[in-house]
Amino acid sequence: MEGLDDSYYIMSRDGCKPEGVIYASGDDKTHELKYGSRYLEGGRAMFFHNANAEDWRRNGIKENIGDIIFHGSHFMIKKKVRDKLLKYHIHGLQYYPAVYTDIEGNIHYDYFFVNIYAKKDWCYIERSQLDKRGQKRLDRGDKPGVETIALDFHKMLCVPEEERLMFRMSNIDMGKPFIHKKVKDIFEEFNLVDTRFFRVDQWARNAHLRPE
């Protein structure tokens, strides 16, 4: 049966570029939203700013604003990226209007927060390498941490490909998004200043903190 590990990537903010890499922080009303766990009803846009704006201005650090901006393991994308992705009807995903204010006070209205709210139990636990406390957490019914990941392609192949192009895991302690190569190829058409992709079968824990 066809394997899928080499068709999927883990997407992450680049932890090796400490200067000029944006960590977006939401305002109070944005943090009240239960994004990442449910579909968000229409209403007020999500508002973000650079969490390090004051320090950057004081130290003369230039802000490098890309077409993808991370908020933890979540992220927002420019409208032009969203428009390319709309050709796919990805299950459990929502593009929600987002506004980003840069360190100079300029307001960028052309972003969409990628709300991945449907999580999947598609990590093959028995074939993945758990971290030091992983087995204990698994034994008591908690999500284990993992050092490496194997995908459960038997479950995944029961789902049409277009419905599994982007998702998060529900059965391991990891919030990073998983994306199909088709989505990665679209992202790579744009200005990615702090985004890295790790093929699932080549990923190891904290890979985003190691130099390329």
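These legends describe several views of one predicted model.

In this predicted model, local features need pLDDT of at least 70 and side-chain atom pairs count only at pLDDT 80 or more, while totals for chains, interfaces and linings use all residues. Residues are numbered from 1 along each chain as its sequence is written, and side-chain values use heavy atoms, with hydrogens and water left out.

**View 1. The overall fold has six helices and 13 strands.** Helices (H or I, at least four residues) and strands (E, at least two) are DSSP runs, numbered from the N terminus. The C-alpha atoms fill a box of roughly 50 × 35 × 35 Å along the principal axes. Of the 212 residues, 50% count as buried (under 20% relative accessible area, 1.4 Å probe, protein chains only).

**View 2. The largest nonpolar core holds 23 residues.** Such a core joins buried Ala, Val, Leu, Ile, Met, Phe, Trp, Tyr and Cys residues through side-chain atoms within 4.5 Å. Phe75, Ile77, Met166 and Phe187 have the most contacts inside it. Elements supplying at least two residues each include strand E1 (8-13), strand E7 (107-116) and helix H6 (181-187).

**View 3. Phe75 and its neighbours.** Contact means heavy atoms within 4.5 Å. Leaving aside residues up to four places away in sequence, Phe75 touches Met11, Ile68, Ile69, Phe70, Phe112, Phe113, Val114, Ile116, Met166, Pro177 and Phe187.

**View 4. Another core, of 22 residues, lies apart from the largest one.** Among its members are Ile10, Leu151, Val159 and Met169.
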